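Hi,

Here is the structure I promised to pass on to you. Have a look at it first, and then read on for what turned up in it.

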Amino acid sequence: MTSATTVKTEYEAIIGLETHCQLSTNTKIFSTSSTAFGGDPNTNIDPVCMGLPGVLPVLNQKVLEYAVKAGLALNCQIAKYSKFDRKQYFYPDLPKNYQISQYDLPIAEHGWLEIELVDADGNPSRKRIGITRLHMEEDAGKLVHAGSERLSGSTYSLVDYNRAGVPLVEIVSEPDLRSGQEAAEYAQELRRIVRYLGVSDGNMQEGSLRCDVNISIRPVGQKEFGTKVEIKNMNSFSAIQKAIEYEIERQIAATQAGDRIIQETRLWEEGSQRTISMRTKEGSSDYRYFPEPDLAPIEVSSEQLETWRSELPELPAQKRHRYETELGLSAYDTRVLTEDQPVADYFETAIAAGASPKAAANWITQDIAAYLNKQKLSISEIGLTPQNLADVILRIEKGKISNAQAKQKLPDLLGGVSPEKAFAGQELITDPAVLEPIVDEAIAANPKELEKYRNGNINLKGFFVGQVLKKTEKRADPKLTNELVEKKLNS
């Protein structure tokens, strides 16, 4: 008699992200109202963004430039011909009852970006994530619900149209992501890119970067996708990862219990750490797209495209590769140094001033980073210039000062004191003829410790080294001091 063995089905997640990125223009996409964040409700508005009769939208040229540059940085094909469309839906935060967006002819398609994950041992693994499309559109207004975070349960709602008409690009990934960690890293890399380009501040707290997650599961080995669920408006990288991890477990548990996954939109509840149902998902036909009649099609000439391409900076992934291959830095160091462009610029300026790459990386990623985090400052706000950091590193490498001296003086240096002033009269004593009498004096002054050392307590060598450093106010060259102390103790 044979017993049947139950084979447990393994599932994999299929994940894609739709990211809305607010562009850093001074005015809105189709009108001259300000895009400044934090103004009084309904003060940055005008007849165009309010959709009043008799007004016409005019495309902000800077929006097109920023969208094309973002598309180029994401390795997309830039359309020579694209157009705007009307996306119809009816909601109080949309004063026109339609949104001007792009549907079938977006400005950019078929791109990719590279994510890098570093394991516990510091080993990097890289993966390309496809970009389906990037298109331009206007933002909607904002609803403020009284008595509840959502419409359900609120006593009344207020609407602020300041955000209506703010320029966005929507970036849609291919379903190439397989975990919450990959998705969070994808979103972070996207933010790094738009910040390097200067097209967006990527501030998730202010809504400048908002992510919707599309996720389904399927048995490992199956080609067909499962039923897709959308999680709306992720506003932090940790929320993206946690929401995806929760949703994967929820869908697997439901599938194994024999329940059907329905296509719907869900929300992430930070307090309860779970996703909850919001509404069943609309299809594109529900939006009744048609070409925007008030805006002419967009044509980007080859000459204009090449001009914008030539203005692109070196991007984060390119810097990471260069720092690892040319400068010999670790994956951890390269990630910290390239997270923000001002930090990368600071590092490269220090290198140009003569600092060794590894030493500069150590100071920036450790001591300086700790100070910035504690003081909540950016690297551009400290008094230690990259040239002065290079000066400090060169002094250490030439044996003029010790690493310990430099760390001791770091608060002064960060406050703007020059290395010349900070280390005045502090140069290391490197002459054996000067140090030998001080070593002899330290040994003679401690006969009990000398006897213990010669009876086998060799750890007391450090005691005598410390005595010499104390007598010289830490100016004795540590390496030379160790050599002289050991020689004298054993003679």
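Let's start with the cysteines: the structure holds zero disulfides, counting as a disulfide any pair of cysteine sulfur atoms within 2.5 Å. (In case the term is new, a disulfide is a covalent bond between the sulfur atoms of two cysteines.) Cys21 is not in one, and its nearest cysteine sulfur belongs to Cys211, 9.5 Å away. Cys76 is in no disulfide either; for that residue the nearest cysteine sulfur is that of Cys21, at 13 Å. Cys21 counts as buried because its relative accessibility is 0%, and Cys76 is buried too, with a relative accessible area of 9%. Here buried means under 20% relative accessible area, exposed means over 50%, and partly exposed is in between, with a 1.4 Å probe and protein chains only.

Before you go further, please keep in mind that this is a predicted model, where local features need pLDDT of at least 70 and side-chain atom pairs count only at pLDDT 80 or more, while totals for chains, interfaces and linings use all residues. Residues are numbered from 1 along each chain as its sequence is written, and side-chain values use heavy atoms, with hydrogens and water left out.

Now the overall picture. The protein has 15 helices and 16 strands; these are DSSP runs numbered from the N terminus, helices being H or I with at least four residues and strands being E with at least two. Its radius of gyration is 30 Å, whereas a compact globule of 491 residues would have one near 23 Å. That radius is taken over C-alpha atoms, and the globule rule is 2.2 Å times the number of residues to the power 0.38. Along the principal axes, the C-alpha atoms fill a box of roughly 95 × 80 × 50 Å. Of the 491 residues, 47% are buried.

How much of the contact count comes from residues 24 or more positions apart? Among contacts with a separation of 6 or more, such pairs account for 70%, a contact being heavy atoms within 4.5 Å. As for the surface, the protein exposes about 24,600 Å², and carbon and sulfur atoms supply 49% of that; the areas come from the Shrake-Rupley method with a 1.4 Å probe, and for residues only the protein chains shown count as cover.

On charge, there are 58 positive and 70 negative side chains, and the centres of the two sets lie 4 Å apart. Lys and Arg count as positive and Asp and Glu as negative, with His and the chain ends not counted; each charge is placed at NZ of Lys, CZ of Arg, CG of Asp or CD of Glu.

Pro106 sits in the loop between β5 (98-101) and β6 (108-118) and counts as buried, at 2% relative accessibility. Not counting residues up to four places away in sequence, Pro106 touches Ala79, Ser82, Arg133, Leu134 and His135. Pro106 and Ile298 are 192 residues apart in sequence, yet their C-alpha atoms are 9.9 Å apart in space.

Two residues have a positive phi without being glycine. For Asn75 phi is near 60°; this residue is in the loop between α1 (61-73) and β2 (77-78) and is partly exposed, with a relative accessible area of 33%. For His110 phi is near 55°, and His110 is in strand β6.

Moving to the helices, Ala359 lies in α8 (residues 357-375) and is buried at 19%. Beyond its neighbours up to four places away in sequence, Ala359 touches Ile393 and Glu397. Asp391 is in helix α9 (residues 386-397), and its contacts, leaving aside neighbours within four places, are Pro419 and Glu420. In the loop between α9 and α10 (403-414) you'll find Ser402. Is Ser402 buried or exposed? At 8% relative accessibility, Ser402 counts as buried, and its contacts past four places in sequence are Ile396, Leu428 and Pro478.

Last stop: Thr280, in strand β14 (residues 274-280). Thr280 counts as exposed, at 57% relative accessibility, and is in contact with Gln263 and Glu264, leaving aside neighbours within four places in sequence.

Cheers
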